[in-house]
Amino acid sequence: MRIEELVIEGFKSYPVRTQITGWDSSFNAITGLNGSGKSNILDAICFVLGLTDMSKASIASLRCQNQQDLIYKRGAAGVTKASVTIVFDNSDRSKSPAGFEDQKQITVTRQIALPNISKYLLNGHKAQQQAIHSLFQSVQLNINNPNFLIQQGRITKVLNMRPQEILGLVEEAAGTRMFEDRKEKAIRTMSKKEKKVEEITSLLDEEITPKLDNLRAEKRSYLAYQKACTEIERLTRLLKAYQWTQIQEQVLGRRESIKEHALRIKELGETKKAKEREGKEAEKQKEIVEKKRDKEIEKGGKLKGLESAVENGEKDLARFVAQVEIKQSTIAEEEKKAVELEEALGEMNNALVQKRDQVTQLTKTYTTVKDAQTAAQAKLATSEELLQTLITGLSSSQNNNNSSGGGYLGQIAAAQKRAADAKTEEDGAKMRLTMVEKELKEKEAKKKQLEKEGGEGQKALERGRKEIEGLRQRIAGTGWSAEKEDETGRKVSAAREEVKRLSEELASLRHSLTSLDFAYSDPYPGFNRNLVKGLVASLLELDPSHFDKTTALEIAAGARLYNVVVEDEKVASQLLNNGKLKKRVTIIPLNKIQTNPIPAAKIAKAQKIAPGKVNAAISLVGYPEEVGAAMSYVFGTTLICADNESASAVAFDRDISLYSVSADGTAYDPSGTLSGGAAPSGSGLLVKVQKIKEVERKLEQARRVASGQGDDERRAGWRTLARELEIKEHEVRLLEEQVGGSNAAMIGAEVETLRTSVAELKQTVQDAKTKQKEAADECKKLEKDMNDFKNNKESKLKELKAEISRQKSDMSKQNAVVKQHQKELQTAQLELESLEKDIRSSAAEVEGAKEAVVSVRDELEQLQADVAQFQ
């Protein structure tokens with residue numbers, strides 16, 4: 001495989017398409033003037049072969065800093081992309097790459113474009129960079145080999161290579177090093193995978209397997225529960241059947257009981273007459289007693305005393321009620337007071353925290369000012385001691401050896417002593433600093449070694465955290481959450497309770513309408529039950545605004561409400577012959593039934609006779625379109641009227657002459673007959689049917705909610721991702737425990753402690769040097785002052801007296817400042833103590849208010865008990 005053609009377009013100094021052909025199979029040379037683009041041809045070959053690392057000098061450098069530099073004038077001249085195509089002669093099949101033996105030419109193209117687009121084409125088809133690398137590696141061309149191209153200036157270096165380097169060069173040229181690298185990479189990958197497999201196996205053994213065992217146990221419990229529910233359902237059916245049988249027997253017994261009760265009613269009628277006679281006698285006795293009572297009232301007898309007692313009792317009751325109301329208002333006031341006190345207590349606690357912070361800050365300020373005053377006093381005492389010593393030659397200090405008095409010599413000795421102490425402190429701190437820094441270096445080296453060893457664990461931890469973040473983003477993208485899951489759970493629980501309640505209500509309603517039960521067996525296996533539409537009454541839909549016309553509709557339909565609607569006469573015949581019907585029924589086949597709807601002219605005339613009071617019966621009911629013929633057969637020839645007058649006028653009109661029913665159930669037949677009176681025994685049937693349908697709709701809706709339909713896909717996705725997130729978080733916690741509990745973490749803590757110690761010791765050394773410098777400066781000043789005093793005693797004494805006067809003036813100012821800060825501190829401390837006292841008092845008041853509420857509640861309960869007993 002050799003180069004046949006090279007096509008460059010937009011690459012470096014080649015803005016337009018440039019084709020370079022005529023390549024020799026054994027040797028090629030590129031010649032031209034400086035700057036003519038010779039090197040750019042070699043760069044183009046390196047570029048199209050897949051060179052990406054532009055920073056390594058060992059690779060044929062593309063002489064650029066970034067990808068944009070490869071485009072002609074960095075894209076500023078209107079050229080926004082660079083493309084290089086290389087065509088190889090592949091006529092020698094023995095040296096062809098695997099899979100390309102039947103192709104005479106192999107074309108490889110690499111394109112880059114602004115802002116940061118790069119792609120490869122292999123024989124005109126888009127390919128990955130790794131595929132291009134694999135293609136060249138299959139013919140022993142490894143572009144990652146630093147010596148795959150020998151540039152000018154490197155020939156001598158190659159000739160001077162050591163044997164080991166030459167061996168590496170031969171291995172790279174032969175292509176064996178490539179397989180060694182792949183082997184090492186594969187071994188590292190296998191090692192990582194084995195470690196991952198061990199972690200997964202540990203996770204399976206420690207967490208997933210026990211959880212699966214628990215789930216299997218729960219599954220067995222659930223299956224047992226389902227079995228129990230099935231058995232309960234079977235027993236419930238048996239119980240219902242038994243109850244039905246018992247009820248039938250009770251019906252027979254009730255019929256006999258009715259006969260007995262009829263005789264009993266007759267007897268009671270006679271007894272009633274006797275009691276009425278007794279009642280009349282009692283009325284007479286009542287009149288006599290009332291007359292006696294009136295006489296007693298006039299005489300002020302016992303009745304008056306009883307009435308007085310009743311009046312007093314009413315007064316006591318009113319007093320008790322008033323006390324109860326007072327106690328209730330007292331409780332409300334005390335509770336309000338307790339709330340207000342608690343709010344005030346909270347505000348006082350917040351103020352207490354602020355006040356304590358203020359006292360702390362004032363204490364620090366006062367301490368600083370006080371220390372400065374103490375230092376100034378010491379300095380003033382020293383100056384006065386010096387002045388007295390210089391004037392009288394005697395020191396007023398009680399202990400000359402330990403004081404800084406005794407004239408200039410004594411002060412110089414004291415300063416030298418401070419310098420020596422500071423030097424001793426500096427030497428000790430330096431010694432400790434050397435030891436700590438040595439230990440710190442050892443610990444840091446050990447820490448680096450441990451961090452290097454634990455780098456894999458840290459990398460795994462970082463990957464785990466990134467995966468957790470990705471899972472959280474995916475969970476957020478599902479549109480579901482734990483709150484929605486809880487809310488759905490609550491809705492499902494409530495819906496299940498609603499299903500239970502509605503099921504019981506539906507069973508009760510159906511039990512009250514046993515006449516609408518139509519039970520049958522399949523006439524043959526695989527019978528389509530959709531061919532049986534149901535009873536006429538159960539197929540109706542009635543608007544609530546027409547409930548006042550249900551009696552008229554039931555009279556109009558009559559027994560046809562219980563007719564069964566089927567698809568055709570074949571289904572009707574199959575039901576009658578093989579349906580094992582338990583009662584006689586009338587069947588309406590939709591394909592055979594004949595309808596005779598009311599002409600529109602008659603309806604118009606009827607509405608003209610009784611405006612707003614006449615409707616066709618079929619217009620008042622709703623029904624599925626497929627059973628329209630049956631509904632027309634049942635209701636199509638009847639008019640429903642608002643009152644008897646309208647029904648009579650319409651029915652007996654010569655031009656209308658239609659069967660009409662008034663709202664109260666009176667029927668007018670054009671033949672001249674009327675029927676009415678008491679409402680039929682089945683009155684209200686259609687309303688009950690509508691109630692059953694309404695309950696069925698609610699039940700179906702509740703069942704959908706209880707089954708969790710609507711968000712199944714989102715919930716399933718959220719649950720899956722939540723489980724993955726839980727597992728991944730557990731893995732990360734384990735890794736964090738491993739990394740945090742490692743020796744590297746403990747060594748890291750020790751290193752931080754040592755670094756803090758080093759900083760403190762360095763500060764100590766610096767402070768000691770500062771003290772030495774200050775002591776040395778003081779010594780020099782004292783020596784200078786002593787020499788000046790020897791030469792000019794009077795002048796020095798005046799200067800010293802002036803210094804003492806200035807120090808006293810400064811001392812007076814500092815005393816005033818100290819007193820001011822002391823006063824502020826004392827005031828803040830008093831306010832703090834007062835606030836603490838107020839808080840204790842408020843807390844006691846809150847407790848007192850709560851106890852008062854409890855006490856008043858007890859009194860209220862006692863009063864309520866007294867009122868109940870009195871009543």
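Where is N123 found?

A: This is a predicted model, in which local features need pLDDT of at least 70 and side-chain atom pairs count only at pLDDT 80 or more, while totals for chains, interfaces and linings use all residues. Residues are numbered from 1 along each chain as its sequence is written, and side-chain values use heavy atoms, with hydrogens and water left out.

N123 is found in the loop between β5 and β6, the latter covering residues 125–127 (helices, H or I of at least four residues, and strands, E of at least two, are DSSP runs numbered from the N terminus). Although N123 is not a glycine, its phi is positive, near 55 degrees. N123 counts as partly exposed, because its relative accessibility is 25% (buried is under 20% relative accessible area, exposed over 50%, partly exposed in between, with a 1.4 Å probe and protein chains only).

The peptide bond that joins L114 to P115 is cis, with an omega of about 5 degrees.

Another positive phi in a residue other than glycine belongs to K580, at about 50 degrees. K580 sits in the loop between α12 (569–578) and β10 (587–589), and with a relative accessibility of 65% K580 counts as exposed.

For a buried residue, look at D43 in helix α1, residues 38–48, which has a relative accessibility of 4%. The side chain of D43 makes a polar contact of 2.8 Å with that of K12 (a pair of N or O atoms within 3.5 Å; within protein, one must be able to donate a hydrogen and the other to accept it, and residues adjacent in sequence count only if both atoms are side-chain atoms).

The whole structure holds 31 salt bridges (a side-chain nitrogen of Lys or Arg within 4 Å of a carboxyl oxygen of Asp or Glu). One of them pairs R234 with E231 at 2.4 Å, N to O; these two residues are three apart in helix α5 (176–299), so about one helical turn separates them. R234, at 37% relative accessibility, is partly exposed, and E231 is partly exposed at 34%. In helix α8 (455–477), R465 and E462 are likewise three residues apart, and therefore separated by about one helical turn, with their salt bridge at 3.4 Å, N to O.
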